[in-house]
Amino acid sequence: MKVGKTKELLMEDIKVKIPLLVQNDSILDEISIQLHKYNISIGNLIELINDENILREANLQELLLLGEQLHLKFADIDHDWITEWLNPSEIKELRLYIKESPYEEVITLPYTFENVMKTGHNEYAVVIPNSIIGKLWMSGITMYNPNIQRQAKKKRLKNGIIEVMNLNPKSLREIEKQSLEGDLITSTLHYNAKVGSGKDGIEFIFDGREKSLTLLEGALLDVLDGAHRTFSIYNAYMKKADLEGNMIVIFSNMTEAQCKRVQVDMAKANPIPKPRLQELAKDKLSDDVVIELKADGELRGKITSSSNVKYSYGEVITFSELSNAIDKSFHLENRLEVIKVAKVINDYMMYLFAYYKANVFDKNSLMFKSRMFIGHIELAARMFENNIPFERLNNYLDKIDFTIDNPLWEEIGILKYGGLSARSRTKIQKIFEQLI
């Protein structure tokens with residue numbers, strides 16, 4: 001760095017321009033494209049401009065590259081900003097900078113996907129964990145091809161015109177947040193193995209007997225549909241390797257001309273029939289009820305997608321425990337019942353939290369402990385079944401001693417560390433069922 005220049009001065013220079021950047025999504029898009037060649041993702045960029053602590057901890061090279069881009073976009077005077085900060089040899093070194101990935105392991109080809117279904121001519125579908133979606137992009141196997149995109153756009157820069165991903169930063173941030181929290185809903189992505197990219201002229205091999213699809217050496221996957229989700233999942237993966245959730249991915253093997261025709265018909269196409277999608281995703285109707293409850297109502301913000309409940313954060317139950325309890329107590333037959341059951345449970349919870357608000361953070365009470373919701377869901381189902389108004393909920397719950405000293409809870413296993421046995425779950429259900 002030149003004499004008189006410091007990291008602190010550089011940060012101040014950047015911070016002055018950040019308010020201009022956050023107000024302009026298109027410029028954020030342009031800068032992210034320029035920084036991506038240094039392996040600085042849009043997720044990294046968004047963190048830098050939104051969190052001063054992360055900006056302060058960033059290394060000098062990243063700050064210089066960001067500062068340079070901000071100057072190019074917002075400076076009133078046209079001069080070579082980087083030469084004010086670095087001498088020629090340092091500038092050459094900066095141009096060779098590549099941000100290190102926090103993950104050493106990458107996916108190498110050949111790579112095999114299991115449980116693959118053939119859905120059409122040279123078209124296959126498989127459920128892939130979100131962590132693998134992120135890893136495929138990180139490994140350079142999936143990529144963006146503007147020639148086959150419906151929404152590619154051109155940007156005029158000082159040194160010419162480039163084609164960039166037409167990405168909405170607000171949408172990217174929302175999808176990334178959902179990915180990190182395990183709330184991203186399973187949907188369909190379409191990746192096309194570019195014809196001619198395979199080392200020996202073949203991009204993948206499908207084994208009908210083993211139901212497997214093997215990507216061969218050299219194969220490149222263009223994102224035909226799902227660029228926002230793919231890029232956001234990648235950004236999330238770079239922050240958290242063990243992402244929850246899955247995506248249904250369609251693999252095809254078409255020329256660019258064929259891909260363009262698919263894009264034209266995309267709005268009308270139905271690549272995988274709905275029954276087959278359900279079979280692939282293996283959804284439970286009770287999962288849909290939980291998704292409704294997470295989105296709105298009394299349990300919003302109280303359901304966690306992780307395996308551990310953080311009561312200090314206001315969480316009371318895990319997604320899987322609630323879904324299993326609903327599945328056991330309500331026996332849903334079709335999707336028409338999802339909204340109805342979600343309303344029943346929400347009404348129950350509204351009275352539960354209103355009547356027993358003082359118990360929520362009472363360490364001596366087990367009323368709002370995660371495992372106790374097995375019973376709450378059972379009682380909600382029985383009261384609804386018997387047309388008992390939830391206004392009378394306290395008349396029933398007052399019959400149970402929810403204090404931690406009640407020997408019944410030790411006997412059942414609620415206080416036991418680790419998983420809860422099926423027998424213990426049944427016992428909890430019975431206690432609440434017998435209240436009616």
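1. Of the 436 residues of the protein chain, 47% are buried (under 20% relative accessible area, with a 1.4 Å probe and protein chains only). This is a predicted model, in which local features need pLDDT of at least 70 and side-chain atom pairs count only at pLDDT 80 or more, while totals for chains, interfaces and linings use all residues. Residues are numbered from 1 along each chain as its sequence is written, and side-chain values use heavy atoms, with hydrogens and water left out.

2. The protein chain has 19 helices and 13 strands (DSSP runs numbered from the N terminus: H or I of at least four residues for helices, E of at least two for strands).

3. Helix H15 (residues 336-355) and helix H16 (residues 373-385) pack at an angle of about 110°, their axes lying 10 Å apart (axes are lines fitted to C-alpha atoms over the stretch in contact, and angles run from 0 to 180 degrees between N-to-C directions). H15 and H16 are therefore roughly perpendicular to each other (65 to 115 degrees).

4. To the contact (heavy atoms within 4.5 Å), H15 contributes Lys340, Val344, Ile345, Tyr348, Met349 and Leu352, and H16 contributes Phe373, His376, Ile377, Leu379, Ala380, Met383 and Phe384.

5. The buried residues of H15 include Val344, Ile345, Tyr348, Met349 and Leu352, and also Asn346. Among the elements that cover the buried residues of H15 are helix H13 (285-295), helix H14 (319-330), H16 and helix H17 (393-397).

Key: Parallel < 35°, antiparallel > 145°, perpendicular 65-115°, else oblique. Buried < 20%, exposed > 50% of the residue type's maximum accessible area, 1.4 Å probe, protein only.
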